[in-house]
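Colleague: Could you walk me through how to read this model? I'd like the general idea for each feature and then the case at hand.

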Amino acid sequence: LQMLIDQGAALRHQSRDGNTAAHLLVAHDFIDGLELVVKLDRELTNLTNAKGQTPCHIAAETQNAAALRLLMETGIADLSMKDGFGDTVLL
């Protein structure tokens, strides 16, 4: 991951599903990688995918407490954001 970043990989690039690196790292439980990308760009914490989900939504959905904790520690995680289904991270 560090090599990709060093070569200029765009952390905010979104897949066809709208997922960013942060969404995918949470979904695949790659906490070290998540820590790296949110240190470089804290704003990834609140970017939404095509379903309106933030990485925090993915963490809650997959019961990934470590990822959710890390995202909350950025200080900008908005847990009140609603996804495309009207759900917040806490609901």
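Colleague: What should I keep in mind about the numbers?

Modeller: This is a predicted model, so local features need pLDDT of at least 70 and side-chain atom pairs count only at pLDDT 80 or more, while totals for chains, interfaces and linings use all residues. Residues are numbered from 1 along each chain as its sequence is written, and side-chain values use heavy atoms, with hydrogens and water left out.

Colleague: Let's start inside. Which residues have the most contacts inside the largest nonpolar core?

Modeller: The general idea is that nonpolar side chains tend to be buried together in soluble globular proteins. Here a nonpolar core is a set of buried Ala, Val, Leu, Ile, Met, Phe, Trp, Tyr and Cys residues joined through side-chain atoms within 4.5 Å. Buried means under 20% relative accessible area, exposed over 50%, and partly exposed in between, with a 1.4 Å probe and protein chains only. The largest core has 18 residues, and those with the most contacts inside it are Val26, Leu34, Val37, Val38, Cys56, Leu68 and Leu71. Two or more residues each come from H2, helix H3 (31–40), helix H4 (55–61) and helix H5 (65–72). The largest share, 4 residues, is from H5. As for the labels, helices (H or I, at least four residues) and strands (E, at least two) are DSSP runs, numbered from the N terminus.

Colleague: Which residues of H5 are buried?

Modeller: Ala67, Leu68, Leu70 and Leu71. They cover an arc of only 160° around the axis, so they sit on the same side of H5. That arc is taken over the directions from the helix axis to the C-beta atoms. The buried residues of H5 pack against H2, H3 and H4, where contact means heavy atoms within 4.5 Å. Take Leu68: leaving out residues up to four places away in sequence, Leu68 touches Cys56, Ala59, Leu79 and Val89.

Colleague: And H3, what covers its buried residues?

Modeller: The cover includes H1, H2 and H5. The buried residues of H3 are Gly33, Leu34, Val37 and Val38. Seen down the axis, they fall within an arc of 125°, so they line one face of the helix. The face of H3 turned away from that buried side carries the exposed residues Asp32, Lys39 and Leu40.

Colleague: How many salt bridges does the rule give?

Modeller: The rule asks for a side-chain nitrogen of Lys or Arg within 4 Å of a carboxyl oxygen of Asp or Glu. By that rule there are 2 salt bridges. Arg12 pairs with Asp41, with the closest N and O atoms 2.6 Å apart. Arg12 lies in the loop between H1 and H2 and Asp41 in the loop between H3 and H4, so the pair ties together parts that are 29 residues apart in sequence. Arg12 is partly exposed at 42% relative accessible area, whereas Asp41 is buried at 15%.

Colleague: Where do Lys39 and Glu35 lie?

Modeller: Both lie in helix H3, 4 residues apart, about one turn of the helix. Lys39 is exposed at 63% relative accessibility, while Glu35 is partly exposed at 31%.

Colleague: Now the outside. Which residues form a nonpolar patch on the surface?

Modeller: Patches are made of residues with over 30% relative accessible area and no salt bridge; like charges are joined within 9 Å, and nonpolar side chains (Val, Leu, Ile, Met, Phe, Trp, Tyr) within 5 Å. Accessible areas come from the Shrake-Rupley method with a 1.4 Å probe, and for residues only the protein chains shown count as cover. Leu1, Leu4 and Phe30 form such a patch, with about 280 Å² of accessible area together. Leu4 is in helix H1 and is exposed, with a relative accessible area of 55%.

Colleague: What is the phi of Asp29?

Modeller: About 55°, a positive phi although Asp29 is not a glycine. Asp29 is in the loop between H2 and H3 and is partly exposed at 48% relative accessible area. Gln63 also has a positive phi, near 55°, and is a residue other than glycine. Gln63 lies in the loop between H4 and H5 and is exposed at 72% relative accessibility.
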